[in-house]
Amino acid sequence: MSKTTIKLNVNGQSVEAQAEPRELLIHVLREQLQITGPHIGCETSHCGACTVDIDGKSIKSCTLFAIQAQGSEITTIEGLGNPDKLHVLQEKFKEHHGLQCGYCTPGMITRAHRLLEENPNPTEEDVRFGIAGNLCRCTGYQNIVKAVMAAADELNQPEAVA
Amino acid sequence: MIPGRFEYHQPETLPAAVALLSDLGEDARVIAGGHSLIPMMKLRLAMPEHLIDLRAIGTLRHITVADGQVRIGAMTTQAEIIDSGALQQSAPILRETSLQIADPQVRYAGTIGGNVANGDPGNDMPALMQCLDASFKLQGPSGEREVAAREFYEAAYFTARDDLEILTEILFPVSTAGYAYEKQKRKIGDYATAAAAVLLGKGADGNCNHAAIALTNLADTPIYCEEACAQLLQSGVNAASIQSAVQSAMGQIEPVDDNRGPAEFKKHAAAVILKRAIDIAWSRN
Amino acid sequence: MSAAEETIQERTAALKGLGTSRKRVEDARFTQGKGNYVDDIKMPDMLFGDFVRSPYAHARVKSIDSSAAMAVPGVIAVLTAQDLEPLSLHWMPTLAGDKQMVLADGKVLFQGQEVAFVVAEDRYIAADAVDLVQVEYEELPVLVDPFKAELPDAPVLREDIADATEGAHGPRRHPNHIFTWEQGDKSATEAVLAEAPVVAEEMVYYHRTHPCPMETCGAVASMDKVNGKLTLWGTFQAPHVVRTVASLLSGIAEHNIRVVSPDIGGGFGNKVGVYPGYVCAIVASIVTGQPVKWIEDRMENLSATAFARDYWMKGKIAATDDGKILGLWCHTTADHGAFDACADPTKYPAGFMNICTGSYDIPMAYLAVDGIYTNKAPGGVAYRCSFRVTEAAYFIERMIEVLAIKLNMDAAELRAKNFIRKDQFPYHSALGWEYDSGDYHTAWNKALEAVNYTGLRAEQAQQVEDFKAGKTRKLMGIGLCHFTEIVGAGPVKNCDILGMGMFDSCEIRIHPTGSAIARLGTISQGQGHATTFAQILASEIGISADDITVEEGDTDTAPYGLGTYGSRSTPVAGAATAMAGRKIRAKAQMIAAYLLEVHDNDIEWEVDRFVVKGAPERFKTMKEVAFASYTQVIPGVEPGLEAVSYYDPPNMTYPFGAYICVMDIDVDTGESDIRQFYALDDCGTRINPMIIEGQVHGGLTEALAIALGQEIAYDELGNVKTGSLMDFFIPTSWETPNYQTDFTETPSPHHPIGAKGVGESPNVGGVPAFSNAINDAFRAFGLTHTHMPHDHWRIWKTANDLGLHS
């Protein structure tokens, strides 16, 4: 089966991959583009470990063919911050012990990022509802929710706007 | 969980999509948001040779409210429905229902057209569409036709849509009646154990002047409860009429035993959920 | 400020040692998507393996035709049992003294069993080829009910051992019977039961479930034929054991095998065992000379890798009229599936089920466990639990409630009346354990006060009245639990896995500039070992935790250890860390004395330094000593500063806790809502309170899942009904409540730092608390016991059976 050239903008970089139509975005990201932050957890779109941001939407990349993402702008956990300047969510997940094994964390933070973009002042209920597509087996979510709320608070401080 | 091979098509216009589907016939499947089809393909329970992706067809993505009618393009996502102020004004039950479908990520991708078209008894929109008395616009090689939602569902995954037709648009009258979509589920985002869509209008005289009731996942199709509606319209909304309406609706359902529980339980839960939905809908007048 | 001017408190704080809520060092990589999990490993020419699995629960394999699969471009090999047989790898030993098919050898015994292994250039081609392998099956009668295993018409599952009357754990009375394990005094216990004023009986089922970590199991095997070295990366909770097993199975010398556990995306017991995928990946790499990756998908994970629980526990508990417990009797029917692959210490075929006397002073007890084969997946791992402790805790905490009902007594009062008293420790239980320490009454009273237990009961009574009066359709349940765990396996004299004593180890090297690396035989799967073990060491050797690297999981560098499960890391490897630290300090003391020109005995340790007694201004910090150890000639002392400890614990540790859960139940829909959950844990010395709290939150959520819906269910044909995350219940943030955590601190008297382990306590104690709440809600209506999982329809059924819908 012939492969198609898939052009994407991933984390601000224009990239290309060759993929069959049936290749899932998660596989192209992980295996061709070395974007291994998003993980595969359930493969049936129930767990959210593979969550990436595509054109401003949180998407489960295990349930999208790479070819369907042709031309789109994708942000993954790798694009949210960098070692010199972490994203506030990354800082807050560390500070509030919002992760343990770390496997769900990239999807969780990527989802939380979109949630806060859309709703900068969430209630705890908003956060719990907004991350309900991301499963975690380790934390019981309590500290994840705390971390997201703390990140919202910090992002709302005027000095946080760089 | 790896899908089989297929050829991918992304037509940019509806006529092109219809033509492709005609050409490719039964080897092709239309894909909208993909959250039903792609998991099936990964399980190899669906192995189409061609996928016709509707995502590039801009004309299928719109929400318009005019002349007392709501029109929603089939490729409109659940997230767009939730965010639509116009819909919140003209049919707030839609947002209430959409928020109970799956999870945020799925709602960004999942479309109303996909939800109503594939005939999965677990989907929430079909019953809602019956409740709203919606009709579905179907475009096929021999032209366009409309089918009422109440006539559309034949059996699980079998609908009035011909294999060569594409469901393009959903139309229904503006509905500002009291509304409720109540859904019992094992956890958030799950398919319904039992769910009920209810619209009840209250006239100036306090009587019920509009009633529509439909149920999700309690048979192999959504169930429109015509007799229950008639009872509420005739007798007004009171404890006795609610009870007989619920009883009548329960006579129509045929739930099956599954992981959500035995049929006996679902019948009981369905009655509770329906009564709850009627109470809420009526209270929202 | 110079080192001399800092106060002792400031210097202690700077170490970030014991008791500090130190932020985790692991998080930098995980929050940036730079973890390194097994599926992240990519090597040149790496192949991908995928299984052909049985659709049937019991069938003969008549033939396997892989010609069509082999014809697919990119397919390298299709391995079957026939290919493995010459290498004697078509079967492998299990951790429980049984053996297990690696690939179907003539028949299949559970749905999802591995039949053939396809090796291809990538996972897409492998999946295509899997579909093309033609397997001809002849279906056989299926056995799913363990109580039917020994009926005359029961099919014989394990034909390979049908005639063996002796198994790894003693006599077998039937081809489908694995073992009978007995503990305690049967006749004396039955005599107590016969004469006791009150005896309560119940069958308590702890259903089959699955640890289901977010990351499934997988491995990458790479046979370097040039150097004769095999490297195996994988999801291993016990990498050294895997190395030894791999060596024994493959014949490759152990020094030529390197096993690496990279970052692991949660284990919870699922990743203790050795799976056919690992073996096949190794064989495929040896055959092809290329690296081979095998990663299971979620459905494979749920249906074929190790399940947990599935214990039918028939109990009898005897007491005086006023509630003093006299004796406990338990017979358990244990459904082990098709192969006995339980992950238990060798001498404990039912794990530590004999901790089932719980927190109570029960003078006489008897336990028997019958292991049974059925057509289900093998396993029986400790899902966030120490070897069947969860089953034991659930059993006794249900039996206490059942007894309270029989006595018409408050269940909190009944517990308090029977707790082992503080002055009874060390306490010898009727089933053979020596409980090291505890203070149950203090914890219990603290818990009852924290939730205003009296007030809750009054509220509940009012709600029952309201319900009866038709004012509400909701009931309120108060779930009590006081659990005692037994963790930290374990003393080598009675604990081993495949013969390997269950010690653990730590090796420390202090660098010249005063930082350090410590390597351990355990492996974190999210517990934060790199953070907490550095804290233990910081307090022992006076070097800041921030200056200590902790490494685990690479058998080429880490000292031998038995791995991480059963809450054994802190009790065993944590102890080894402290002991190795003390060896460092002992050597450092000699060096410091030399540098200070005093006798060894004239200096004393103070936080991070040795100080001359009576002359506090004269001292040498550990950092200075470390430098000196590399740069100066110290007479009579070897250069360098290193130590290693292999720690054989003298006893288990016995963490305990008091949990109270308040739930509201909708009688008509069966929906339940957690109103409040209070969890008091006593894990002895607390190393990192932040991490302890996180462990408790997570463990409680896993308990919530199990109690309220999570199960591996089979239909009568042995088909798995809950094989994906659609049906296998994992709560989201929406269903999960906020928990209140609390603690008491009763140090273990035999552990070097008094720590006991905590990771599994919340699962052990949480399940009974949730289940007791559901059961308790219906107590006023005559319910004695209803089985888990308490999902909506089962709760509804309970209410229905009690006539609450009429």
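Q: Which residue follows H3(A), and what's its phi like?
A: That's A:His97, and its phi is positive, near 55 degrees. Keep in mind this is a predicted model.

Q: And H3(A) itself, is it buried or exposed?
A: Mostly covered: six of its eight residues are buried. They are A:Val88, A:Leu89, A:Gln90, A:Lys92, A:Phe93 and A:Lys94.

Q: What covers those buried residues?
A: The cover includes H2, H4 and H6 of chain A, together with helix H2 (27-31) of chain C.

Q: Switching to chain C. How is it divided into domains?
A: Domain 1 is 3-35 + 504-647, domain 2 is 38-142 + 216-264 + 271-304, and domain 3 is 307-489 + 652-801.

Q: How far apart are domains 1 and 3 of chain C?
A: Their C-alpha centres lie 38 Å apart. In the contact, 22 residues of domain 1 of chain C meet 22 residues of domain 3 of chain C.

Q: Which element gives the most on the domain 1 side?
A: H15(C), with seven residues. Helices H14 (529-541) and H15 (569-596) of chain C are the elements giving two or more residues to that side. By class, the domain 1 side has eight nonpolar, 12 polar and two charged residues.

Q: Now the sheet with E23 in chain C. What's the strand order?
A: E23-E33-E34-E35, an open sheet of four strands with mixed pairing.

Q: Why is one side of E23 and of E35 left without a neighbour?
A: Strands E23 (474-484) and E35 (740-743) of chain C stand at the edges with a single partner strand each, so one side of each has no neighbour in the sheet. From one strand to the next, the twist averages 15 degrees.

Q: How do E23(C) and E33(C) pair?
A: They run antiparallel, over 11 bridges. For example, C:Phe483 has C:Gly657 in E33(C) as its bridge partner.

Q: Which helix packs on that sheet?
A: Helix H13 (residues 453-468) of chain C, which touches E23 and E33 of chain C. The direction of H13 makes about 145 degrees with that of E23(C).

Methods. Residues are numbered from 1 along each chain as its sequence is written. Chains are lettered from A and ligands numbered from 1 in the order in which they are written. This is a predicted model: local features need pLDDT of at least 70, side-chain atom pairs count only at pLDDT 80 or more; totals for chains, interfaces and linings use all residues. Domain bounds come from an automatic or database domain assignment. Two residues are in contact if their C-beta atoms, placed from the backbone, lie within 7 Å. Ala, Val, Leu, Ile, Met, Phe, Trp, Tyr, Cys and Pro count as nonpolar, Asp, Glu, Lys and Arg as charged, and the others, Gly among them, as polar. A residue is buried if 20 or more other C-beta atoms lie within 10 Å of its own, exposed if 12 or fewer, and partly exposed in between; C-beta atoms are placed from the backbone. Two strands pair if DSSP finds at least two bridges between them. Axes are lines fitted to C-alpha atoms, for helices over the stretch in contact, and angles run from 0 to 180 degrees between N-to-C directions.
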